[in-house]
Amino acid sequence: MRADRPRTAGRRRAVVTGLGVVLASGAGPGALWRALLGAPPEGHRAVTDWDPSPWLDRAEARHADRFTQFAVAAAESAVADAGRPRTAPDTAGVVLGTALAGVGTLERQALVRSERGDKRVSPFTVPMIMPNAAAAAVSQRLGRRGPCRTVTTACAAGTDAIGEAARLIADGVCDSVLTGGTEAALSDTVVAAFRNMRALSSAGRTRPFDAGRDGFVIAEGAAVLLLEARDAAVERGARVYAEVLGHASTADAHDVTLPLPDGSAAARCMRLALRDAEVEPAAVGQVSAHGTGTRHGDLAEARALTAVFGSGGPPVTSAKGVTGHAFGASGAIEAVAAVLSMAHALVPPVAGLTTEDTELGGSLDLVRGAPRAWTAGPVLSNSFGFGGHNGCLVLGPPTT
Amino acid sequence: MADGVFEAVAACVVDVLQVPTGKVVEEAVFTEDLGATSLTLVEVVMALEEAFGIDVPEADVEAVRTVGDACDLVRRLS
């Protein structure tokens with residue numbers, strides 16, 4: 001997506017100028033970074049003691065599902081982090097990802113209906129559970145009147161949303177886009193369903209790429225990035241965290257929950273994203289893996305990475321050992337983690353990884369134990385979702 | 001009317017619409033004075049049904065314009 005290269009002539013560059021994070025580890029990118037360098041907690045990562053009152057009054061909060069509340073908080077925080085730039089409403093967009101949207105509200109209202117009858121079901125149920133509720137609330141509250149979209153490619157949604165947002169800037173449709181992902185799916189029904197499909201770690205620990213991995217823990221929260229057209233951001237003297245260099249998506253066309261075993265569609269997605277970014281595989285400085293700690297998922301991703309990079313590829317990390325799996329928000333959380341990794345010149349280790357699974361082939365340079373110093377370069381961030389969705393994003397450090 | 005209905009209705013209105021108690025007077029129009037929307041007005045009626053153990057027919061909901069209307073409705077159905 002770099003406008004200074006021949007193939008992409010005329011496409012505008014999209015840079016990251018603001019970060020907003022709401023997670024179990026706390027609010028703000030700093031809390032996420034500290035968590036990534038610390039010991040992983042056990043169990044699901046609920047945002048405990050969540051208080052929406054700094055962003056929504058009581059009536060507003062009652063009419064917004066948690067996934068919308070998290071998104072509003074993260075979006076407003078990202079705008080504040082960017083120094084509240086003046087934005088022309090008509091070219092200000094919103095693109096958010098979510099997988100399970102207002103499932104918590106649907107569960108509560110189903111119980112209300114079952115226990116107390118049809119007449120007690122909230123008239124706000126539909127506008128609370130709809131997947132676009134979060135993006136709509138962000139658009140409404142911040143007066144952003146350009147494209148307002150919601151991406152629902154399951155666990156690839158956060159990554160795909162950022163890619164789509166960068167494209168809106170590249171194509172000249174938007175000058176500014178709030179983008180990322182949000183999820184609040186720790187409802188009893190969802191937890192039971194994931195447990196029954198054997199996706200959750202029985203030990204309550206996500207151990208990406210480890211021989212003893214047995215699934216993930218569920219996280220809730222949101223991460224939102226403010227993207228701006230690079231020229232305008234530079235002109236206003238914005239702090240530029242990173243640049244969105246490229247994105248691609250592909251589909252497995254294979255199975256609803258199991259990945260294509262050879263990882264070929266995921267590998268093709270990585271190659272297409274790198275091509276979009278005009279970055280050679282050898283120039284990639286870090287892979288932020290999807291790495292959910294499931295048997296099949298990590299194996300397919302390892303095969304895909306090996307197909308793209310061979311042996312001697314870039315350092316590979318996965319944030320999920322610390323963050324847990326926030327589904328449609330995960331790609332956005334990991335994009336923020338990648339940006340922070342550039343700023344701090346450190347690649348966080350894969351938390352929970354002690355013994356690498358030999359079945360993975362041994363060609364991945366997994367960062368383990370301690371963070372690794374690096375010179376910031378392009379980061380390939382992978383996300384894969386139920387339905388066979390593959391999303392890959394390439395982020396780069398700011399250039400002068 | 002000192003039957004306690006107004007006080008109980010006002011409590012529901014304050015809770016649902018999150019407005020200051022002082023604004024909830026008999027003449028207050030739900031939409032214009034108290035910021036209610038068609039959906040929040042449904043919520044107010046649901047709260048009244050809950051509080052007074054009544055069942056408000058659909059047609060009566062549409063006739064409720066002011067806090068006084070809501071009080072009259074409650075008295076009629078209780």
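**Chat about a predicted two-chain model**

Modeller: In chain A of this predicted model, helix α6(A) is followed by A:Gly143, which has a positive phi near 65 degrees.

Colleague: Which residues of helix α6 of chain A are buried?

Modeller: The helix covers residues 133-142 of chain A, and its buried residues are A:Ala133, A:Ala134, A:Ala135, A:Ala137, A:Val138 and A:Ser139.

Colleague: Let's zoom out. How many helices and strands are there in chain A?

Modeller: Chain A has 13 helices and 14 strands.

Colleague: What does UniProt say about chain A?

Modeller: An unreviewed UniProt entry annotates residues 11-397 as "domain: Ketosynthase family 3 (KS3)". That span is 35% helix and 20% strand, and its end C-alpha atoms lie 18 Å apart.

Colleague: What radius of gyration does chain A have?

Modeller: Chain A has 20 Å. A compact globule of 400 residues would have a value near 21 Å, so the chain agrees with that. Its C-alpha atoms fill a box of roughly 60 × 50 × 40 Å along the principal axes.

Colleague: How much of chain A counts as buried?

Modeller: Of its 400 residues, 59% are buried. Of the contacts between residues at least 6 apart in sequence, 80% join residues at least 24 apart. The accessible surface comes to about 15,100 Å², with 53% belonging to carbon and sulfur atoms.

Colleague: What does A:Glu334 touch?

Modeller: Leaving out residues up to four places away in sequence, A:Glu334 touches A:Ser288, A:Ala289, A:Ala319, A:Lys320, A:Ser381 and A:Asn382.

Colleague: Where do the charges of chain A sit on average?

Modeller: There are 39 positive and 39 negative charges, and their mean positions are 2 Å apart.

Colleague: Now chain B. How many positive and negative side chains does chain B have?

Modeller: Chain B has 4 positive and 16 negative side chains, with the centres of the two sets 6 Å apart.

Colleague: And what is the secondary structure of chain B?

Modeller: Five helices and zero strands. From the N terminus on, the order is α-α-α-α-α. UniProt, in an unreviewed entry, gives residues 3-78 of chain B as "domain: Carrier". The ends of that span lie 12 Å apart by C-alpha atoms, and the span is 66% helix.

Colleague: Which residue of chain B does UniProt list as a modified residue?

Modeller: B:Ser38, listed in an unreviewed entry as "modified residue: O-(pantetheine 4'-phosphoryl)serine". B:Ser38 lies in helix α3 (residues 38-52) of chain B.

Colleague: Is B:Ser38 buried or exposed?

Modeller: Exposed, because its relative accessible area is 60%, and exposed means over 50%.

Technical notes. Residues numbered from 1 in each chain as written. Chains lettered and ligands numbered in written order. Predicted model: local features only at pLDDT ≥ 70, side-chain atom pairs only at ≥ 80, totals over all residues. Heavy atoms only, no water. Helix = DSSP H or I, 4+ residues; strand = E, 2+ residues; numbered from the N terminus. Lys, Arg positive; Asp, Glu negative; His and termini not counted. Charge placed at Lys NZ, Arg CZ, Asp CG, Glu CD. Buried < 20%, exposed > 50% of the residue type's maximum accessible area, 1.4 Å probe, protein only. UniProt positions renumbered as here; feature names shortened; annotations may be inferred. Contact = heavy atoms within 4.5 Å. Rg over C-alpha atoms; globule rule 2.2 N^0.38 Å. Areas by Shrake-Rupley, 256 points an atom, 1.4 Å probe, with all protein chains shown as cover.
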